[in-house]
Amino acid sequence: MQKKIIIANWKCNPISTKEGEKILFSLKESIKTENEVIICPPSVFLSHFLTLFSGIYSFGGQDCFFEEKGAYTGEISPKMLQSIGCKYVIVGHSERRTIFNETDKTINLKINRILNSTKLIPILCIGENREEREKNKTFAILKEQIKNALKGVAIGKAKKIIIAYEPIWAIGTGVYAEEKQIEEAKDYIAKILCDIYGSKTSKIIYGGSVDSKNIKQILGTTDMDGVLVGGSSLKPKEFSAIANYK
Ligand code: PGA
């Protein structure tokens with residue numbers, strides 16, 4: 001059985017260290033798995049959780065900046081995340097793209113900075129919105145997002161990247177993509193990677209309304225390498241059932 005990548009993206013939740021600790025202690029009791037479980041809490045909690053739970057979970061940032069250091073108020077660099085023990089960092093989440101106006105250009109700068117200055121593994125999020133899907137633009141959007149994000153990334157480094165296919169219409173809506181749609185997107189992403197690098201360099205995972213009820217279907221009937229979980233990752237019962245998938 002191939003090990004899956006199970007990522008918890010807590011977004012801007014919960015509002016205290018105590019609440020976060022409670023979730024992680026509860027998960028510690030119920031997660032029994034060989035899968036790689038990665039927790040991405042708000043960055044302000046990372047150091048504390050890394051001290052308490054390193055060796056139990058891997059940790060990642062939800063975003064990072066594209067410079068290493070300097071006069072950039074409010075930003076956190078990949079090197080800083082690495083220095084506290086993070087192994088992963090999410091880049092280009094659709095909420096960053098839509099709410100914070102993040103562009104393919106800044107995402108590309110971030111990917112290159114991460115790969116060139118740290119050992120962090122970037123989790124690159126891509127995906128179409130509802131309108132784009134209805135207009136049959138899904139593949140065109142995926143192609144554009146991948147090509148732009150990977151500009152200047154050599155094959156050796158591209159192999160480290162995890163690509164998360166997250167259709168925006170499935171995020172936080174309770175409606176997950178059908179297995180056929182997930183498979184089609186995965187095959188298309190693999191094709192783009194082959195066009196660029198000559199092989200499917202990256203692991204490809206799915207995100208969007210994953211829960212304890214649909215996890216078997218999503219991972220059992222597609223050959224995705226894992227899942228990125230938002231809402232359900234804050235509920236210990238839900239998330240442990242997802243993480244324990246085999
Ligand atoms: P969701 O979020 O599981 O709440 O749909 C997924 C994500 O935004 O990564």
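Visitor: Where does Lys11 lie?
Guide: Lys11 is in the loop between strand 1 and helix 1 (DSSP runs numbered from the N terminus: helices are H or I of at least four residues, strands E of at least two). This is a predicted model, where local features need pLDDT of at least 70, side-chain atom pairs count only at pLDDT 80 or more, and totals for chains, interfaces and linings use all residues. Residues are numbered from 1 along each chain as its sequence is written, and side-chain values use heavy atoms, leaving out hydrogens and water.

Visitor: What's the phi of Lys11?
Guide: Phi of Lys11 is near 55 degrees, a positive value in a residue that isn't glycine.

Visitor: Which peptide bond is cis?
Guide: The one from Asn13 to Pro14, with omega near -15 degrees. Pro14 belongs to the loop between strand 1 (5–9) and helix 1 (17–30).

Visitor: Switching to the ligand, which residues come nearest?
Guide: Of the 13 residues around the ligand, Lys11, His93, Glu166, Gly172 and Ser209 come nearest (a heavy atom within 4 Å).

Visitor: What does Glu166 do there?
Guide: A polar side-chain atom of Glu166 is 2.7 Å from a ligand oxygen atom.

Visitor: How about Ser209?
Guide: A polar backbone atom of Ser209 lies 2.8 Å from an oxygen atom of the ligand. Ser209 sits in the loop between strand 7 (203–207) and helix 10 (215–221), has a positive phi of about 60 degrees without being a glycine, and is buried at 16% relative accessible area.

How values were computed: Polar contact = N/O pair within 3.5 Å; in protein donor to acceptor, adjacent residues only side chain to side chain. Buried < 20%, exposed > 50% of the residue type's maximum accessible area, 1.4 Å probe, protein only.
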